[in-house]
Amino acid sequence: MDKIKQIIKVMLIGFAALFLLSWIIYFFNLDMKASVYLKKLMDKVYDMRKRDRRL
Amino acid sequence: MGKKMNSEKLGNFYYGNKTKKRREWRGAADTWYDYTRWLANWKVMAKFMMKPANLKGFFRYRWMGSYLAVPDFVDRHTEGLRGPQLRIAHKEFDFIVEHVCETIGNLFRADPACGGDEEFSRRVVVFDENMMSQIMNGFPNLQMVCREIPVVYTPSTVLQEGVLHYIDVAEEFGLPSDVCPMPAAELGCAIDDDFPQIGICAVNCNTTCDGSLMGNGVEARRFNIPTFQLAVPIRHMQESVQEYGAEEIKNCIKFIEEQTGETFDWDHYFKCMKTFNAETKLFREWLELSKTDYPQIIGNNVALYRDAYYQVGGGRDARFLQNDREITELGYQGYEKKVLCASEVRHRAVLWGVQAQYYTAFPIWLQNCWGILPLIDMLSLTSTSYYSEDDKEQAYLDMADLYMKMNMRNRSNGGYEVGVDDLWRFCEEFRADMVIMYEHIGCKAMAGYHGIFEEQARERGIHLIWVTHGLMDPRKASRKDMRGEVNRYMRAVLQEEPLDPTLEDFADDNNW
């Protein structure tokens, strides 16, 4: 019983932490700020790709 | 910061970078709602990326990089919204996110470079971007994919620089820079080897215009699959062309049957048209609401979504109808509570001409900055007729009618009565005192009406504000330039002050 309570307590803390983290990411627009860097990286990947350029 | 509209000074969120400083605080309930929808959208996109074919596609195709900005796209189209309008916007845009993920998923599934599902690819009929899809209502065993929509059209709305690379490629290969950027971008993408090679056959159309037709002809060299050119009449209001249009539809159906081995299924076609008619009925109710003192489903909450279900959905996807019912319910709730779409409603406007793809959130700016309600736009004022649910011969004429009157085509072509006279009729019906006239620099279709619009707006005492843009190329006229034209008119002619001064002039040239 104590072990189950312990597990539930850990899970609740885990969810609370995830919720807080997701909330911070959402409110401060951190997902989009990170995407800016990812886009720059992906543009380099796309530039490197060999293409069959023709009309 | 707060529950009331305009409580956040929205212009302060822009600080010259690609993204905004933060998301809005809209009061506890609306912010919680927006947060949960943000999570839901990320869940949809994460699920999409977990499929190996989609991950391969992400690394293979440059246009996929644009989709990294999807949450920003949703934020732009919900900027400043509260209550029912916020919920209506999310119902629409979140569903568009899901639908586009499915469409791209189908593309990559069939693509030899990604999923390599040849059997699936043999059931794919590739449709041109700017054409209606109701012909496919009779082919339930086939999959219609509008290839250019996720590749060119949507990236240009998600990112303002979404298709500039392709336009530049086309120009490097000799295309003049003063042509319409839409076929130019499509052509550039084909030249740059950035289209998935899928499908058993393709149907191209001369909608919106000959620019599309010419570009498609060159692109077809890349795709190397049998292609049918569906040539629908331009003068779609004339009785004399209707039979010809129907004949073209019959020829197209015959082509698809021959290429795929399928037979047109009339029962399935009429079932889809019943759904389409039900969607039309609800859209008519939205229009009636917009004519009242408390319009609810306006501006952004009509434009892109109407494109999606009218043209691409075509009655085949019943989820659109379910979504429409929920949106209508929200609309009536807002109407009964007399909810306003702006903190102060100063003007009622009809948006005419073709919108800028890189600034589809412009109507929201009109609401938030100047209290101008964008009641309805030209591209949404497509056919509101009910189509036959049981007569085959009539159905050919109906399909021709729909194809001739696709979104961008039905008023930019077809003559004076649909391009000019109808504008004033809608101004009267919607009790609009203002017209926001989009003018695409590279489009010749409506350019000839310029002087007529000015003269007739003056006669009617309607404020006519020209907003020039470059359709998919913001280098020709930026978002700021577009806002500047409205600002100048509001200050100089109407001598009004903005509802949110921070939105009058802010730096978003670098923004997504």
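Chain B of this predicted model contains 19 helices and eight strands. Its radius of gyration is 22 Å, close to the 24 Å that the globule rule gives for 512 residues, so chain B is as compact as a globular protein of that length. The C-alpha trace of chain B spans about 65 × 50 × 50 Å along its principal axes. Of the 512 residues in chain B, 54% are buried. Among the contacts in chain B with a separation of 6 or more, 79% are between residues 24 or more positions apart.

Chain A has two helices and zero strands. Its radius of gyration is 21 Å, whereas a compact globule of 55 residues would have a value near 10 Å. The C-alpha trace of chain A spans about 70 × 25 × 15 Å along its principal axes, and buried residues make up 5% of its 55 residues. The table sets out these values for the two chains.

| Chain | Radius of gyration | Globule value | Span of C-alpha trace | Buried residues |
|---|---|---|---|---|
| A | 21 Å | near 10 Å | about 70 × 25 × 15 Å | 5% of 55 residues |

**Contact between the chains**

Where the two chains meet, 22 residues of chain A are in contact with 21 residues of chain B. On the chain A side, α1 (2-27) and α2 (30-48) each supply at least two residues. The largest share of that side, eleven residues, comes from α2(A). By residue type, the side of chain A that touches chain B divides into eleven nonpolar, three polar and eight charged residues.

**The core of chain B**

The largest nonpolar core has 153 residues. The residues with the most contacts inside this core are A349(B), V350(B), Y403(B), V435(B) and I436(B). Helix α4 (residues 83-110) of chain B provides the largest share of the core, 13 residues.

V350(B) gives a view of the packing around one of these core residues. Apart from its neighbours within four places in sequence, V350(B) is in contact with L375(B), I376(B), L423(B), F426(B), C427(B), F430(B), A432(B) and V435(B). Of these partners, V435(B) is itself listed among the residues with the most contacts inside the core.

**A helix pair: α4(B) and α13(B)**

The axes of α4(B) and helix α13 (residues 318-336) of chain B come within 9 Å and cross at roughly 170 degrees. Angles over 145 degrees count as roughly antiparallel, so α4(B) is roughly antiparallel to α13(B). On the α4(B) side the contact is made by G83(B), P84(B), R87(B), I88(B), K91(B), E92(B) and F95(B). On the α13(B) side it is made by N323(B), E326(B), I327(B), L330(B), G331(B), Q333(B) and G334(B). The residues of this contact divide into five nonpolar, five polar and four charged.

**Individual residues of chain B**

M482(B) lies in helix α19 (residues 479-492) of chain B. Is M482(B) buried or exposed? M482(B) has 22 other C-beta atoms within 10 Å, so it is buried, the cut-off being 20 or more. Not counting residues up to four places away in sequence, M482(B) touches A356(B), Y359(B), F362(B), V467(B), H469(B) and A477(B). M482(B) and Y335(B) are 147 residues apart along the chain, and their C-alpha atoms are separated by 31 Å.

L142(B) is in the loop between β1 (124-127) and β2 (143-146) of chain B. It counts as partly exposed, with 19 C-beta neighbours inside 10 Å. The residues that L142(B) touches, leaving out those up to four places away in sequence, are R123(B), V125(B), M136(B), T260(B) and E262(B). L142(B) and T260(B) are 118 residues apart along the chain, with their C-alpha atoms separated by 8.4 Å.

Two loop residues have a positive phi. For D193(B), a residue other than glycine, phi is near 55 degrees. D193(B) is in the loop between α8 (181-191) and β3 (201-205) of chain B, and with 16 C-beta neighbours inside 10 Å it counts as partly exposed. Phi of K338(B), also a residue other than glycine, is near 55 degrees. K338(B) is in the loop between α13 and β5 (347-352) of chain B. With 9 C-beta neighbours inside 10 Å, K338(B) counts as exposed.

Conventions. Residues are numbered from 1 along each chain as its sequence is written. Chains are lettered from A and ligands numbered from 1 in the order in which they are written. This is a predicted model: local features need pLDDT of at least 70, side-chain atom pairs count only at pLDDT 80 or more; totals for chains, interfaces and linings use all residues. Two residues are in contact if their C-beta atoms, placed from the backbone, lie within 7 Å. Helices (H or I, at least four residues) and strands (E, at least two) are DSSP runs, numbered from the N terminus. Ala, Val, Leu, Ile, Met, Phe, Trp, Tyr, Cys and Pro count as nonpolar, Asp, Glu, Lys and Arg as charged, and the others, Gly among them, as polar. A nonpolar core is a set of buried Ala, Val, Leu, Ile, Met, Phe, Trp, Tyr and Cys residues joined through C-beta atoms within 7 Å. A residue is buried if 20 or more other C-beta atoms lie within 10 Å of its own, exposed if 12 or fewer, and partly exposed in between; C-beta atoms are placed from the backbone. Axes are lines fitted to C-alpha atoms, for helices over the stretch in contact, and angles run from 0 to 180 degrees between N-to-C directions. Angles under 35 degrees count as roughly parallel, over 145 as roughly antiparallel, 65 to 115 as roughly perpendicular and the rest as oblique. The radius of gyration is taken over C-alpha atoms; the globule rule is 2.2 Å times the number of residues to the power 0.38.
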